[in-house]
Protein chains: 2
Amino acid sequence: MENISGIAAKEIIKGSLLKEKVDEQVSEYVAQGLVSTSLRGTDSHGIRLIHHYLAGIKSGRINPCPSYFVEKRMPTIAVLDADHTFGHAAGMEAAKIAIEMADEYGSGNVVVKNSSHFGAAAYFALEIAEHDMIGTSYTHSDSLIIPTHGKRSFLGNNPVCFTAPVKGEGPFCLDMATSIITFNAVRQLQERGEKAPENVGTDKNGIPTTNANEIKMLLPVGTYKGYGLSLMVEVLCSMLSGMPYGPHISKMFEDLGKKRYLGHFVGAMNISAFIDINLFKERMADMINELRNEPRLDEGQSVMVAGDPEKNRFLDRNIDGIPVTGQELKDFEALDKKYQLGVEME
Amino acid sequence: MENISGIAAKEIIKGSLLKEKVDEQVSEYVAQGLVSTSLRGTDSHGIRLIHHYLAGIKSGRINPCPSYFVEKRMPTIAVLDADHTFGHAAGMEAAKIAIEMADEYGSGNVVVKNSSHFGAAAYFALEIAEHDMIGTSYTHSDSLIIPTHGKRSFLGNNPVCFTAPVKGEGPFCLDMATSIITFNAVRQLQERGEKAPENVGTDKNGIPTTNANEIKMLLPVGTYKGYGLSLMVEVLCSMLSGMPYGPHISKMFEDLGKKRYLGHFVGAMNISAFIDINLFKERMADMINELRNEPRLDEGQSVMVAGDPEKNRFLDRNIDGIPVTGQELKDFEALDKKYQLGVEME
């Protein structure tokens, strides 16, 4: 593996977007979202997506210069029409509205419609937690998960994300897909010629298989529980927004000319209205440190809390850079050359 | 199995509580909560709990006549001090406040503190959905689930509940514990002398076992994902309320003289501020009916959505009554006799 620094990756991503005449603020959000996601170790939703996004601009799927239309329907409810721009940008605009509402009224709930892929849900909820609020973010996505007792996919691998601030360290962050493993993990198994665990994926007929090459659909985490959570996310992102649901959503990696018509949901809640914010953050630190010090079943593996693996990778990658394959590094160098950015890669 | 009608069960429960000088409105909520939960098939959280609750009044754990103290700290945030009464009553008072806030400001978020066991989370979130709102309800509970890589329980089997109205039928209702199976299910396996599935529970040393008699702790659904969801609930119910967390919560079935100091979280969100409420409910019906008609992997098992098993049982039990063991029926008859209620049982 090679490495690329977060700074260089951000310069190349933002520079490429600007050269494609993407709005300055939109470019900033996309670059920041992708790089922070890669630094936190979520490679599937990080910098590698820039090539897909550039293709989406070219094909007309993604609007580089949106005119947002925001309707504040009630003091704590807004609908943001993203005008088919990047979900990263629309989601962050939604987060800012939710934070303002929570500042004034205690909570804010913003639905985004006519949007596109928004990357990692944590990007938005972490921004909210940085304002000493509880953050939530959700998105639906195209059909991939089989409902319990079904044989074909219906809902997407809809993520649930929840954040809360902690004294002395970054926010607590639960950001979970509703399948057992991601399709990206399936691809890695395929590349390595390894078998998949039992009952995580199925072949094209809905029959569970451990042959990674045959896996076309995923099974929900905890069977009907993960399926239920995925449906909850669909209610928030499709039913509240009026966007299509499940099998009616256009595919991310097919027919790049088609707009996605995605919906997201972003929520903020003012903690200091419930309890003294310092007490909250101290007790958060107490609770998660108590958990981290719990006795281990196997001495080699410590008890962690949601978001700990990402925090650890962030510390490492901030110093060592983001690990990329040789091909991925070449692809980034090609962008630098194509757009004449002159970014220092070493 | 014997049967007891929902009407008779409610009369006996409410009558017994009133004879123990429990406040009229509190008695109504407890009776309604327990009976509706049993009618929906969630026997573990239904009418059988009345004997435990009556003991809790006698021992001084539960306050029969609370003086609630409600602070509306911001337009959409309130803290309700339950004064150690039944969680059913405090939770329903919280739901009503959340609904009022959502009516006026779009959303309402109410934390309950100094509370006791609140029964099934669905009771509160379903009430909110009946007002054409999205409802959420959460509670923490005493330590039962082992964190991933740990060997002893820390968090409770903290439930996540989410509801939304649907055209032409009762609300969509996801009400899930964060363990794979409940401890009640373990007890049933013990009674039947059956083995537990693999990796659902552990012995007293944290080692997974299929010997139901040895199971003392439960494993979270989807390993770190269920554990993360349980921690999210703890943030909402303990960190926001100032109540104790996980291992510091007094046990439900031990030392009945100890107050529980539980916290709950109840939220309401106004759907009609996002989208036309009729369109929302129609699309909900479209989506869940489309799911129910999805092709089946096994012809004998249809695709359902969260809450469907409960809806089906509610229809049956409204006609046939709530199935109870002979002993359970005798225990109800004993209450009827003790408190001279004269309830018609047939």
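Modeller: Helices here are DSSP runs of H or I, at least four residues, numbered from the N terminus. The model is predicted.

Colleague: In which helix is Met284(B) found?

Modeller: Chain B has a helix spanning residues 277-292, and Met284(B) is found in it. That helix is α8.

Colleague: Is Met284(B) buried or exposed?

Modeller: The cut-off for buried is 20 or more other C-beta atoms within 10 Å. Met284(B) has 25, so Met284(B) is buried.

Colleague: Leaving aside neighbours within four places in sequence, which residue of chain A is Met284(B) in contact with?

Modeller: Contact takes C-beta atoms within 7 Å. In chain B, Ala164(B), Val166(B), Lys167(B) and Phe172(B) are in contact with Met284(B). From chain A comes Met239(A).

Colleague: Which element supplies the largest share of the side of chain A that touches chain B?

Modeller: The contact takes 57 residues from chain A and 57 residues from chain B. On the chain A side, β2, β10 and α8 are among the elements that each supply at least two residues. The largest share is 7 residues, and it comes from α7(A).

Colleague: How many residues of that side are nonpolar?

Modeller: By class, the side of chain A that touches chain B has 8 charged and 14 polar residues. The nonpolar residues number 35.

Colleague: What relation superposes chain A on chain B?

Modeller: The rotation is 180°, with 0.0 Å of shift along its axis and an RMSD of 0.0 Å. That is the relation of a two-fold axis.

Colleague: Which residue of chain A has the C-alpha nearest the axis?

Modeller: The distance from that C-alpha to the axis is 2.7 Å. The residue is Gly222(A).

Methods: Residues numbered from 1 in each chain as written. Chains lettered and ligands numbered in written order. Predicted model: local features only at pLDDT ≥ 70, side-chain atom pairs only at ≥ 80, totals over all residues. Contact = placed C-beta atoms within 7 Å. Nonpolar A, V, L, I, M, F, W, Y, C, P; charged D, E, K, R; others polar. Least-squares fit on C-alpha atoms with pLDDT ≥ 70 in both. Buried ≥ 20, exposed ≤ 12 C-beta atoms within 10 Å, placed from the backbone.
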